[in-house]
Amino acid sequence: MEFLSANPVSDDYVAQLKTDLIGARVVRFVMAYVSNDGLNSIGMEGLAEALKKPDSFGVASLSCSCGFMPLMNLQKRVDPVAEKLKYFLDPEVLETEGDPELSLVHSKISYIVRSDGKAVIYLGSHNWSGRALGPAHTRNAEASFRIEVDFHEEQLTGLGNDLASQVNRHLLACFELGASLPVNSANLPIFEDWFRARCEREKPLP
């Protein structure tokens, strides 16, 4: 297990993440906030290549600060049709199907299967945003753990009791939430309506 990092502001997280994504067989993530700056810091093309793999997917919460274009742009690079990426929409704002008590997916977890037979879990405070990963002028103090384990196929189903299986159980559950909608052109009007309802009010919702 590796701590990222002892320095409150550091590029260690994004540097290690980019390395783990090279030739990755699977990447799964649930991130509270994903921005264009964050995706550019990680490397849009490398992330898209990993997301093209059959068992890969990602979820982010739709937010006023990041909007809906980051995952829209990433989805176009992955596959315009396949449901690889989803946005979670606060059901209270736009009456999407789901648990009305769940207003935000706030997890910051990613799971990567590398080509060398190892699986890597990132768990901590890092969002995939410019303030977390750079190169934003002002940065957040962030701290995360990188945990490397042996990969086993059953981890992908989330049915085991080991750490990687439990992580995947959480990732799969977030992806299957009724309020997590596929990032595609058909749902673009819904994202736009949500953004207007949440972010463009004269007095924004808290």
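User: Let's start with S10. Is it buried or exposed?

Analyst: S10 is buried, with a relative accessible area of 17%; buried means under 20%, exposed over 50% and partly exposed in between, using a 1.4 Å probe and protein chains only. Keep in mind that this is a predicted model, where local features need pLDDT of at least 70, side-chain atom pairs count only at pLDDT 80 or more, and totals for chains, interfaces and linings use all residues. Residues are numbered from 1 along each chain as its sequence is written, and side-chain values use heavy atoms, with hydrogens and water left out.

User: Okay, where does S10 sit, and what does it touch?

Analyst: S10 is in the loop between β1 (2-4) and α1 (12-21). Helices (H or I, at least four residues) and strands (E, at least two) are DSSP runs, numbered from the N terminus. Setting aside neighbours within four places in sequence, S10 is in contact with S5 and R139, where contact means heavy atoms within 4.5 Å.

User: What goes on between S10 and S5?

Analyst: Their side chains make a polar contact at 3.3 Å. That term covers a pair of N or O atoms within 3.5 Å; within protein, one must be able to donate a hydrogen and the other to accept it, and residues adjacent in sequence count only if both atoms are side-chain atoms. S5 lies in the loop between β1 and α1 too, and a cis peptide bond joins L4 and S5, with omega about -5°.

User: Where else is there a cis bond?

Analyst: The peptide bond from G134 to P135 is cis, with omega near 5°. P135 lies in the loop between α6 (130-133) and β7 (144-150). As background, most peptide bonds are trans.

User: Switching topic: how many disulfides are there?

Analyst: The structure holds 1 disulfide, meaning a pair of cysteine sulfur atoms within 2.5 Å. C64 is joined to C199, S to S 2.1 Å, and the link is left-handed, with -90° about the S-S bond.

User: Which parts does that pair tie together?

Analyst: C64 is in the loop between β3 (57-61) and α4 (69-78), while C199 is in helix α8 (residues 188-199), so the pair ties together parts that are 135 residues apart in sequence. C64 itself is partly exposed, at 38% relative accessible area.

User: What about C66 and C174?

Analyst: C66 is in no disulfide; its nearest cysteine sulfur, that of C64, is 9.9 Å away. C174 is in no disulfide either, and its nearest cysteine sulfur, that of C66, is 17 Å away. C174 is buried, with a relative accessible area of 8%.

User: Which residues of α7 are buried?

Analyst: They are A164, S165, V167, N168, L171, C174 and F175.

User: F175, got it. What reaches its backbone oxygen?

Analyst: The side chain of K86 does, at 2.9 Å. K86 lies in strand β4 (residues 85-88). K86 is buried yet has no salt bridge, and the nearest side chain of opposite charge, E176, is 4.6 Å away. A salt bridge needs a side-chain nitrogen of Lys or Arg within 4 Å of a carboxyl oxygen of Asp or Glu; Lys and Arg count as positive and Asp and Glu as negative, with His and the chain ends not counted.

User: Last one: where is V113, and how far is it from R25?

Analyst: V113 lies in strand β5 (residues 108-113). The C-alpha atoms of V113 and R25 are separated by 5.4 Å, though the two are 88 residues apart along the chain. V113 is buried, with a relative accessible area of 0%.
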